[in-house]
Amino acid sequence: MTSSYSEATGPEFGAWRYYVDAWSVGFAPSPNISLYSADIWNYHTGDCQYRLSWHMNSGGWRAGCTVSLNSDNQWRKQIYSCPQSWSCRPRQANKCLLTASWDEIVQELSSKSGKYVTGGMGALIEDGNKESWLCQYGHECAPPGDAMCFVYNEQTKAFEAWDLLSVLQLV
């Protein structure tokens, strides 16, 4: 719970958060908030696109720069979470690395061992940057039976943590 009406708690997973009992809950890209029953900080400028603020006893006030959503019937509140069997922390890029070399990956793919699955980015492709993905079963960041997926960054020539295969549903 946040006791301040001008400063959020965090960061956690790159976001600052606040919760004021019976008032509002939300996320911000910095500790700067301005609670007037909901966060009204920079509601049309600056970092507004990275903010979410919901009233606890009624509708949501903002989703990014879109505000005054209290009685809007086109918007709805939805909450997503990771499976209880997984802490969500492994998806942090600095904690979840693909350590296999290209030679090892190609050898495993050729042997059809099932350790890796791979494919193209399809509609998510970023030409010259992110064109392919690779998922590794048995990776330390994935629960048993699931695979940790990575996107290959053509610019940096490195794999970047993406998400679990069960979340992405690539195959």
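Reader: Is C149 buried or exposed?
Author: This is a predicted model, and in it C149 has a relative accessible area of 0%. Buried means under 20%. C149 therefore counts as buried.

Reader: Which cysteine does C149 pair with in a disulfide?
Author: The link runs between strands: C149 sits in β9 and its partner in β8. The two sulfur atoms are 1.9 Å apart. The partner of C149 is C135.

Reader: What is the handedness of the link of C135 and C149?
Author: The angle about the S-S bond is 105°. That makes the link of C135 and C149 right-handed.

Reader: How many disulfides does a search of the whole structure find?
Author: The pair C135 and C149 is one of them. C48 to C65 is also a disulfide, as is C96 to C141. The search of the whole structure gives a count of three.

Reader: How many residues apart are C48 and C65?
Author: C48 is in the loop between β3 and β4. C65 is in the loop between β5 and β6. The link, with 80° about the S-S bond, is right-handed. C48 and C65 are distant in the chain, and their separation in residues is 17.

Reader: Where does C141 lie?
Author: C141 forms a disulfide with C96, the sulfur atoms being 2.0 Å apart. Both cysteines are buried. C96 is in the loop between β6 and α1, 45 residues from C141. C141 itself is in the loop between β8 and β9.

Reader: How many salt bridges does a search of the whole structure find?
Author: D39 with R51 is one of them. R62 with D39 is also a salt bridge, and so is D47 with R51. The count from the whole structure is four.

Reader: What is the N to O distance between D39 and R51?
Author: D39 and R51 both lie in the loop between β3 and β4, 12 residues apart. D39 is buried at 0% relative accessibility. R51 is buried at 3%. Their side chains meet in a salt bridge, with an N to O distance of 2.8 Å.

Reader: Which strand holds R62?
Author: R62 meets D39 in a salt bridge at 3.8 Å, N to O. The pair ties together parts 23 residues apart in sequence, because D39 is in the loop between β3 and β4 while R62 is in a strand. R62 is buried, and so is D39. The strand of R62, residues 60-63, is β5.

Reader: Is D47 buried or exposed?
Author: D47 forms a salt bridge with R51, the closest N and O atoms being 3.0 Å apart. D47 has a relative accessible area of 18%, and the cut-off is under 20%. So D47 is buried.

Reader: Which residues do salt bridges with shared partners join into one network?
Author: R51 bonds with D39 and with D47. D39 also meets R62. The network consists of D39, D47, R51 and R62.

Definitions and conventions:
Residues are numbered from 1 along each chain as its sequence is written. This is a predicted model: local features need pLDDT of at least 70, side-chain atom pairs count only at pLDDT 80 or more; totals for chains, interfaces and linings use all residues. Side-chain values use heavy atoms; hydrogens and water are left out. Helices (H or I, at least four residues) and strands (E, at least two) are DSSP runs, numbered from the N terminus. Buried means under 20% relative accessible area, exposed over 50%, partly exposed in between (1.4 Å probe, protein chains only). A disulfide is a pair of cysteine sulfur atoms within 2.5 Å.
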